[in-house]
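Thanks for coming, everyone. I'll walk you through one model today, so please have a look at it while I talk.

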Amino acid sequence: MSDPILVARGLTKRYGARAVVDDLSFEVAAGAVTALLGPNGAGKTTLLRMVLGLSRPTSGDVLLEGSPYRELPNPSSVVGALLDDHGFHPDRSAYDHLRIMAAANRIERSRCDAVLESVALAERARDRVRTYSLGMRQRLGLAAAMLGEPRMLILDEPMNGLDPEGMHWLRGYLRDFASGGGAVLVSSHVLSEVEQFADEVLIVDRGRKIAAGALSDVVEESSTLERTLLALTGSGETRP
């Protein structure tokens with residue numbers, strides 16, 4: 001496998017006495033899709049926010065191509081992210097949303113048309129975002145993540161709102177991105193889909209790493225990803 005784009009060592013985030021992420025170390029390699037899995041409250045979103053410099057670790061560090069996110073000279077060319085809060089203005093068109101992002105990041109405006117085409121939104125590019133379905137907003141979020149032609153994608157529950165056709169499309173999109181040498185770190189609860197496109201899995205529970213490695217090594221041949229996850233983390237009930 002290729003050298004890692006992302007390296008985390010001893011990553012910890014505490015709120016008072018409570019460790020939301022607890023001494024977590026892992027790597028994400030180029031050319032692979034890595035699925036971040038675990039029950040609600042396991043610390044997945046906090047982990048992704050620390051990777052992207054949105055939350056400062058209590059201890060440990062996380063590096064993207066050898067540097068913390070905040071020190072990257074051109075972060076949009078290294079990593080693109082799709083988190084829950086897309087920040088779309090409902091009365092702005094998809095094209096205008098991307099045009100403003102491109103200007104702020106000194107990206108050629110031609111990239112707006114290119115990424116809208118890549119996520120199959122070109123025909124709706126001038127429509128206001130408030131007319132978009134949830135699945136279309138997910139695609140626009142992915143287009144925004146791809147604007148800087150990053151080497152890595154970080155996606156938090158990108159399958160929310162997607163119908164079966166949309167899931168099939170996203171699965172192919174992520175596989176193509178990884179096949180082209182990109183790295184993907186994706187958090188998802190749609191385990192049946194994850195099982196079809198992930199190369200590696202990182203399973204966390206209560207902020208700690210429970211299992212990590214190739215999907216085929218973590219999941220036994222006679223089992224499924226869902227059964228494996230439940231066996232490793234217990235019932236999978238929502239945590240407080």
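Helices here are DSSP runs of H or I with at least four residues, strands are E runs of at least two, and both are numbered from the N terminus.

Before I go on, a word on what you're looking at: this is a predicted model, where local features need pLDDT of at least 70, side-chain atom pairs count only at pLDDT 80 or more, and totals for chains, interfaces and linings use all residues. Residues are numbered from 1 along each chain as its sequence is written, and side-chain values use heavy atoms, with hydrogens and water left out.

How confident is the predictor? pLDDT is its confidence in each residue, from 0 to 100. The chain has a mean pLDDT of 92, with 96% of its residues at 70 or more. Over residues 236–240, though, pLDDT stays under 50, and the model has twelve contacts beyond four places in sequence for that stretch. By contact I mean heavy atoms within 4.5 Å.

Back to the rings. The count is one aromatic pair, and that is Trp169 with Tyr173, tilted, at 5.2 Å centre to centre and 40° between the planes. The rule takes rings of Phe, Tyr and Trp (its six-membered ring) with centres within 6.5 Å; planes under 30 degrees apart are stacked, over 60 edge-to-face, and the rest tilted.

Now the domains. The assignment gives domain 1 (1–78 + 150–239) and domain 2 (86–149), with bounds that come from an automatic or database domain assignment. Their centres, taken over C-alpha atoms, are 24 Å apart. Domain 1 puts 17 residues into the contact and domain 2 puts in 13.

Points are joined across faces, edges and corners, and the volume is the space filled by probe spheres set on them.

The largest pocket holds about 520 Å³. It has 22 lining residues, and the closest to its centre are Tyr69, Gly80, Ala81, Leu82 and Met101. Where does this pocket lie? Both domain 1 and domain 2 give residues to the lining, so the largest pocket lies between them. Strand 5 (79–82), helix 2 (94–104) and helix 4 (134–145) each supply at least two lining residues, and strand 5 has the largest share, with four. By class, that lining is 14 nonpolar, seven polar and one charged. Nonpolar here means Ala, Val, Leu, Ile, Met, Phe, Trp, Tyr, Cys and Pro; charged means Asp, Glu, Lys and Arg; the others, Gly among them, are polar.

The second largest pocket comes in at about 220 Å³. Its lining includes Met50, Arg56, Asp61 and Tyr69. Strand 4 gives the most to that lining, three residues, and the classes divide into six nonpolar, three polar and three charged.

Helix 4 has the largest share of the cavity lining, three residues.

Notes:
1 Å grid on protein atoms, 1.4 Å probe; cavity = no way out; pocket = protein on both sides within 12 Å on 5 of 7 lines; lining within 4 Å. pLDDT = per-residue confidence, 0-100.
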